[in-house]
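I opened the model today to look up its sheet, its helix packing and a few loop residues. My notes follow.

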Amino acid sequence: MFQSVFGKMGPMRKSVRWTVCPTVGNHPTERIIQSASRIANVDLATGMAILSDGKGGHQGFMKLQPFAGAKVVECSPELLDQLNELQPQEAPVRIV
């Protein structure tokens, strides 16, 4: 089941619903969240996030790169609280 949070960060004017992606790897304090027009990688330990620019269509993982317009922004306290309350979900890993 998908988990979601509601809020805004950085230069965003309005709060949006974010879908929380399952965690992968050795980064227990990081969460990747995605909305209809943005994607962000939030560091729960520092409260900072890498936020996509929201331009140019699909907001996939490649939009988290600085050359694609991503910026480091401060995450709102309300959004951080919601993310900290969620139980992390591990991504299913299959060996083929």
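I started with the sheet. I find an open sheet of 6 strands, ordered E1-E2-E3-E4-E5-E6, with antiparallel pairing. Strand E1 (3-7) and strand E6 (71-74) are the edge strands, and each of them pairs on one side only. From one strand to the next, the twist averages 30 degrees. I keep in mind that this is a predicted model.

Strand E2 (residues 16-20) and strand E3 (residues 30-34) run antiparallel and are joined by 2 bridges. I traced Thr19 across the pair: its bridge partner in E3 is Gln34.

Then I turned to the helix. Helix H1 (residues 77-85) packs on the sheet. I list its contacts as E1, E2, E3 and strand E4 (39-43). The direction of H1 makes about 165 degrees with that of E1.

I checked the loop between E6 and H1, where Ser76 is found. Is Ser76 buried or exposed? Ser76 has a relative accessible area of 15%, under the 20% cut-off, so I log Ser76 as buried. Leaving out residues up to four places away in sequence, I note that Ser76 touches Lys8 and Met9.

My last stop was the loop between strand E5 (48-51) and E6, which holds Lys55. Lys55 has 58% relative accessibility, over the 50% cut-off, so I log Lys55 as exposed. I also looked up a C-alpha separation for Lys55.

How values were computed: Residues are numbered from 1 along each chain as its sequence is written. This is a predicted model: local features need pLDDT of at least 70, side-chain atom pairs count only at pLDDT 80 or more; totals for chains, interfaces and linings use all residues. Side-chain values use heavy atoms; hydrogens and water are left out. Two strands pair if DSSP finds at least two bridges between them. Helices (H or I, at least four residues) and strands (E, at least two) are DSSP runs, numbered from the N terminus. Axes are lines fitted to C-alpha atoms, for helices over the stretch in contact, and angles run from 0 to 180 degrees between N-to-C directions. Contact means heavy atoms within 4.5 Å. Buried means under 20% relative accessible area, exposed over 50%, partly exposed in between (1.4 Å probe, protein chains only).
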